[in-house]
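Visitor: Could you help me learn to read how helices and strands pack in a protein model? I would like to go one feature at a time.

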Amino acid sequence: MFNGERPFVSGREPKIEDCMWSATGGQKPDYVRLSSRETCDVLIIGGGFNGVTAGLYCAEKGAKALLVEAQDIGSGASGRNAGQVNPGQFLSPEAIQKALGPDYGPRFLKDLGNAPNLVRDMISKHGIECFADERPIVRCATTAAKTRDLEKQTSDWQALGANVEMVYGSTLEEMNGSTRYKAALIDYRGFTLQPLAYVRGLARVAVSKGLRIAVGSKVTSLEFENGRWKAKTGSTTIIADKVILSTNAYSDDLVPGFKEEIMPLGAFGIATADPLPQEWRERILPHYIAMWDTHKIPLWFRYDPEGRLHVGSIGFLPLHAEGDRWVTRAMKFVFPSAPQFKWGYRWSGTIGQTVDRLPHLVEPRPGILATIGCNGRGIAPNTYFGTMLAKMALGETVETPLPVRTPTKYPLRQMALEAYDVGIRVYRNSLLFR
Ligand SMILES: Cc1cc2nc3c(=O)[nH]c(=O)nc-3n(C[C@H](O)[C@H](O)[C@H](O)COP(=O)(O)OP(=O)(O)OC[C@H]3O[C@@H](n4cnc5c(N)ncnc54)[C@H](O)[C@@H]3O)c2cc1C
């Protein structure tokens, strides 16, 4: 490992309380204390968007479901992300069709393209207080070539009926307050929310409908015995018919081979200690849009519900002095007139990257279902996938947008991880701010 300081996968990241979203994350759900022996129809391991939506669906259907989470609800990527509810994926519609073929491709485009609406439905149906904000997500081009890429994506999506458009020059500058970018794709299908409040809100609804949630309960073994699954957490044995493995990028060796499906990629966030003064909110992202760009390692900016400014990017970043120096450079690069702000929150999280940049639907052992690898697009997809996995676990017929596969190792995983880490640091420190 080249960078001994990098936070690495679950348990070595700063605690969720260091994350800006904890300031406005809302109430936690009521948790249960596990007895020495528990039985359930469906055991859900992991309490992010995926696990919680799976649990909510099971509870609504009257199934006996138990969700166990190693740390706390939302303490994985679900409580640490940028809150951009993006439709679709990083790949273009054309690349998705090509990768998934004529059966899965169109279904994937339709279902995942519509996934932000599923999030909207969840929020309105259950009255979840998560600061959902309908202003669109803006992706800014960093070069002329990237502008052409975004224009192509825009026309491909428009051909599929999607509400997207390009904006240029002064129109863009007026929207984001930056002279750095000359063109951007505006995606009206997307919106923003407070991710920790969303996942906690979903969990509170699920609990009110009968889901039992235990936190601080890391599952340490999972074995098939007498036709059922037997899981161990602490001194508790859990017997379940089906298991939904919602551990995603935080997967460990619980199910051998599963975590190797992805490469765990770090991402970090830094935010001002306090809401920005009004005069600066009028100059930096004056329309309160969420913005990210097309750099190899994208920069992203947005406000939290109280007006703290959040800046983030990809890679593992030592979280103190170096992080503050980096964020100062990022601000000068994108908003040259910005003064030195006081940064008060620094955190990181882990993204699951797959080799084909698409999420994978995996059945690592018969009776264990999972999706893994959202490549940094997980809010809407995991709201969709959690519900889908619950339907599958309950024996409903589901037309999945992905083929079911057994775990396949990310090629040269460790080498790829180290190469990414070095590449990102070189880029971040020398090439990004040119
Ligand atoms: C910094 C950052 C920014 C991002 N920005 C965006 C964004 O703007 N928009 C977007 O759509 N996506 C974004 N993402 C991606 C998104 O956050 C994830 O795809 C999504 O949260 C994954 O949800 P999940 O439920 O699958 O997994 P997670 O939320 O990661 O949950 C997995 C859980 O499993 C638990 N767990 C692991 N092992 C065990 C075990 N053995 N026993 C019990 N529990 C266990 C972990 O503690 C963890 O809580 C971002 C990610 C990061 C890190």
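Visitor: Which residues in α1 meet which residues in α6?

Guide: Welcome! Keep in mind that this is a predicted model. To read a helix contact, list the residues on each side. From α1 come F49, V52, T53, G55, L56 and A59, and they meet V199, L202, A203, V205 and A206 of α6.

Visitor: At what angle do α1 and helix α6 pack?

Guide: Here you look at the two helix axes. The angle between α1 and α6 (residues 195–208) is about 20 degrees, and the axes are 9 Å apart. Angles under 35 degrees count as roughly parallel, so α1 is roughly parallel to α6. The crossing of α1 past α6 is left-handed.

Visitor: And how do α1 and α9 pack, at what angle and how far apart are their axes?

Guide: For α1 and α9 the angle is about 40 degrees, with the axes 7 Å apart. These two helices are therefore oblique to each other. In this case α1 passes α9 in a right-handed crossing. On the α1 side, the contact includes F49, N50, G51 and Y57, while the α9 side includes I379, N382, F385 and K391. The contact of α1 with α9 divides into nine nonpolar, seven polar and one charged residue.

Visitor: Which residues of α3 meet α9?

Guide: From α3, A115, P116, L118, V119 and M122 face I379, A380, P381, T383 and Y384 in α9. Nine residues of this contact are nonpolar, one is polar and none is charged.

Visitor: At roughly what angle do the axes of α3 and α9 cross?

Guide: The axes of α3 (residues 115–126) and α9 cross at roughly 75 degrees and come within 8 Å. Angles of 65 to 115 degrees count as roughly perpendicular, so α3 is roughly perpendicular to α9.

Visitor: Let us turn to the sheet. In what order do the eight strands stand?

Guide: The order is β5-β6-β4-β13-β14-β15-β12-β16, in an open sheet with mixed pairing. The edges are β5 (164–168) and β16, and each has a single partner strand, so one side of each lacks a neighbour in the sheet. From one strand to the next, the twist averages 20 degrees.

Visitor: In what sense do β14 and β15 pair, and over how many bridges?

Guide: Strand β14 (residues 299–303) and strand β15 (residues 309–314) pair in the antiparallel sense, over five bridges. If you want a place to look, W300 stands opposite G312 in β15.

Visitor: Which strands does helix α4 touch?

Guide: Helix α4 (residues 144–159) packs on the sheet and touches β4 (137–140), β5 and β6 (183–187). Its direction makes about 150 degrees with that of β5. Another helix, α10 (residues 413–431), lies across β12 and β15, and runs at about 30 degrees to β12.

Visitor: Finally, how many residues surround the ligand, and which are the closest?

Guide: The ligand is surrounded by 43 residues, of which the closest are G46, G48, G76, G349 and G378. The elements giving two or more residues to this shell are α1 (49–60), β12 (263–272), β16 (343–353) and α9 (379–393).

Note on methods. Residues are numbered from 1 along each chain as its sequence is written. This is a predicted model: local features need pLDDT of at least 70, side-chain atom pairs count only at pLDDT 80 or more; totals for chains, interfaces and linings use all residues. A residue is near a molecule or strand if its C-beta atom, placed from the backbone, lies within 6 Å of it. Helices (H or I, at least four residues) and strands (E, at least two) are DSSP runs, numbered from the N terminus. Axes are lines fitted to C-alpha atoms, for helices over the stretch in contact, and angles run from 0 to 180 degrees between N-to-C directions. Angles under 35 degrees count as roughly parallel, over 145 as roughly antiparallel, 65 to 115 as roughly perpendicular and the rest as oblique. A crossing is left-handed if the near helix is turned anticlockwise from the far one by less than a right angle, and right-handed if clockwise. Two residues are in contact if their C-beta atoms, placed from the backbone, lie within 7 Å. Ala, Val, Leu, Ile, Met, Phe, Trp, Tyr, Cys and Pro count as nonpolar, Asp, Glu, Lys and Arg as charged, and the others, Gly among them, as polar. Two strands pair if DSSP finds at least two bridges between them.
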